[in-house]
Amino acid sequence: MKKILEIALGIVTSVGGFLEIGSITTAAQAGADFSFQLIWAILLGGLCIIFLVEQAGRFSAVSGRTIPDAIRERFGFNYFALLYVVLGLVSLLVLAAEVGGVCIALELATGIGLLWWAVPVGFVIWLVIFKGTFGIIEKGVSVLGLVTLSFVVGAILINPPWSQVLRGAAPSLPQHDSVHYWFIAVSILGASISPYLYFFYSSGAVEDEWREGHVGINRIIATGGMTFGSLISIAVLILAAMIFAPQGMKVEHYTQLPMLLEPVFGHKGFWLLVASLGIACLGAALEITLELAYLTAQGLGWNWSENQPPIAEARFSAAYTAIIILATLVALTGIDPLTLTVFSMALTAATLPVSIVPFIFLMNDSTYVRSYKNGWFSNAVVILIMALAFVLAIIAIPLQIFGGS
C-alpha cells in the first residue's frame with residue numbers, strides 16, 4: 001500500500017508540474033488558429049519529456065547525484081557556466097510568465113489589475129518555499145492542481161469530432177499561414193520539453209532520497225505523469241478548436257481564457273479556469289524558483305535542501321529569495337503576460353541543446369549509473385531528441401520574428 005501511495009503521489013506531482021501558463025497558452029493558440037492540426041506537437045513534446053524525466057530520475061536514484069551537479073563534474077565548470085547563464089536567463093523569463101499567470105487568475109477573480117498582484121504573489125511564492133518542505137511543495141500544490149482535469153472533462157462534454165482529433169495526432173503540413181503554424185509548433189515543444197522540469201525532477205529525487213529500488217517506480221511516475229499532463233494540454237487545444245476556431249477568434253489576450261470552460265460549465269467554468277490557471281502557475285513558479293536555486297547551489301558547491309531550515313542553508317535561501325525578486329521585477333515591467341509566455345516558450349526551444357546534449361553522455365557513464373546505463377533504444381531516442389533540439393535552436397528565433405503573433 002505504501003508503494004502504491006508513493007506512485008500515486010508521484011504521478012500527481014508530475015501532472016501538477018507539467019501544466020502551466022506556457023502549456024495552456026500555446027495549446028489554446030494552436031486550437032484557435034489551426035483547429036486539431038497541432039495535436040501531434042503536444043504528443044511529440046510529451047513523448048520527449050517522458051524519456052528525459054525517466055532518465056533524470058533513474059540517474060539520480062542510482063548515482064545519488066543531480067543532473068546539473070554531474071554536468072559540472074563531467075564537463076567542467078566552463079560548460080556548466082554556459083548552461084547556467086543560458087538556462088538561468090530563459091528560466092527567469094518563464095518564471096516571470098508564471099508569476100504573471102497567477103496575477104492573471106487573481107485579476108480575473110477580483111477585477112484588480114494584475115500589476116497590483118505581482119508583489120503579493122512573489123511574497124507568497126517566497127513564503128511557501130521559506131516555510132514549507134519539499135514534500136509540501138511537491139505534493140500539496142500538485143494535489144490542488146487536479147482541478148486542471150476540468151479541461152479534460154470539458155473536452156469530453158463538448159463532444160468534438162473524434163475522427164478529426166485522431167487525424168491531428170499525425171503530423172501534417174499547414175493549410176494556411178505556414179510560418180505561424182511552425183512557430184506555434186515550436187512554442188508547444190518549448191513548453192513541453194522544459195529543462196526546469198527534468199532538472200527539478202532530478203533534484204527532487206535526491207531530496208526524496210531515492211535509491212536503486214526506486215528505478216521501477218520512477219518509470220511509472222515519468223510515463224504516467226507526463227502522459228496525463230499531455231492529455232490535459234490536448235484537452236485545452238480541443239476546447240479552443242471547438243470554441244474559438246469556428247468564430248475565427250485568436251487567443252490574443254488573457255481575458256479570453258475563461259471562454260475555454262464557460263460554454264461547457266456555465267459560470268462555474270469561469271471559476272474552474274481561474275482556479276486551474278492560478279494553481280497550475282503557482283505550482284510551476286515554485287518548481288522553477290527551486291530549480292534555479294538548486295542550479296545555483298549545485299554549480300557553486302553550496303549545501304542545498306528544501307527540507308532543511310533556511311538558516312541551515314543560508315546561501316541556498318538567499319538564492320531563491322534573489323530569484324523571486326528578479327522575476328517579480330520583470331513581471332512589474334508591465335509586459336503582457338501572454339506575449340512574455342509565447343516569447344519565453346520559443347526561447348526555451350532555442351536553448352534546448354545546451355541542456356539535452358549531456359544526457360547521452362551521462363546516461364552511458366557507468367561511473368554514475370553502473371548497470372543502469374541506457375540501452376540502444378533509449379540512446380536512439382535521446383539522439384533523436386538532440387537532433388530535434390538542434391533543429392529547434394536554428395529555427396526558433398526566425399520563427400519568433402516572422403511567425404509570432
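The largest nonpolar core of this predicted model comprises 89 residues, of which Leu-38, Phe-151 and Leu-260 touch the most other members. A nonpolar core is here a set of buried Ala, Val, Leu, Ile, Met, Phe, Trp, Tyr and Cys residues joined through side-chain atoms within 4.5 Å, where buried denotes under 20% relative accessible area, exposed over 50% and partly exposed the range in between (1.4 Å probe, protein chains only). The greatest contribution to this core, 14 residues, comes from helix 14 (residues 267-300); helices are DSSP runs of H or I with at least four residues, numbered from the N terminus. Another core, of 48 residues, lies apart from it and includes Phe-80, Ile-193, Ala-205 and Leu-295.

Residues are numbered from 1 along each chain as its sequence is written, and side-chain values use heavy atoms, with hydrogens and water left out. Because the model is predicted, local features need pLDDT of at least 70 and side-chain atom pairs count only at pLDDT 80 or more, whereas totals for chains, interfaces and linings use all residues.

Two helix pairs were examined. The axes of helix 2 (residues 21-34) and helix 10 (residues 178-192) come within 9 Å and cross at roughly 155°; axes are lines fitted to C-alpha atoms over the stretch in contact, and angles run from 0 to 180 degrees between N-to-C directions. Helix 2 is therefore roughly antiparallel to helix 10, a term for angles over 145 degrees. Residues in contact (heavy atoms within 4.5 Å) include Gly-22, Thr-26 and Phe-34 of helix 2, together with His-180, Ile-184 and Ala-191 of helix 10. By class, this contact has six nonpolar, six polar and one charged residues, with Ala, Val, Leu, Ile, Met, Phe, Trp, Tyr, Cys and Pro counted as nonpolar, Asp, Glu, Lys and Arg as charged, and the others, Gly among them, as polar.

Helix 5 (residues 77-110) and helix 6 (residues 118-131) pack at an angle of about 120°, their axes being 9 Å apart. These two helices are therefore oblique to each other, the class left after angles under 35 degrees (roughly parallel), over 145 (roughly antiparallel) and 65 to 115 (roughly perpendicular). Val-99, Val-102, Cys-103 and Leu-106 of helix 5 meet Ala-118, Val-121 and Ile-125 of helix 6. The residues of this contact comprise seven nonpolar, no polar and no charged.

Asn-159, although not a glycine, has a positive phi of about 50°. Asn-159 is placed in the loop between helix 8 (150-157) and helix 9 (162-167) and counts as exposed, at 55% relative accessibility.
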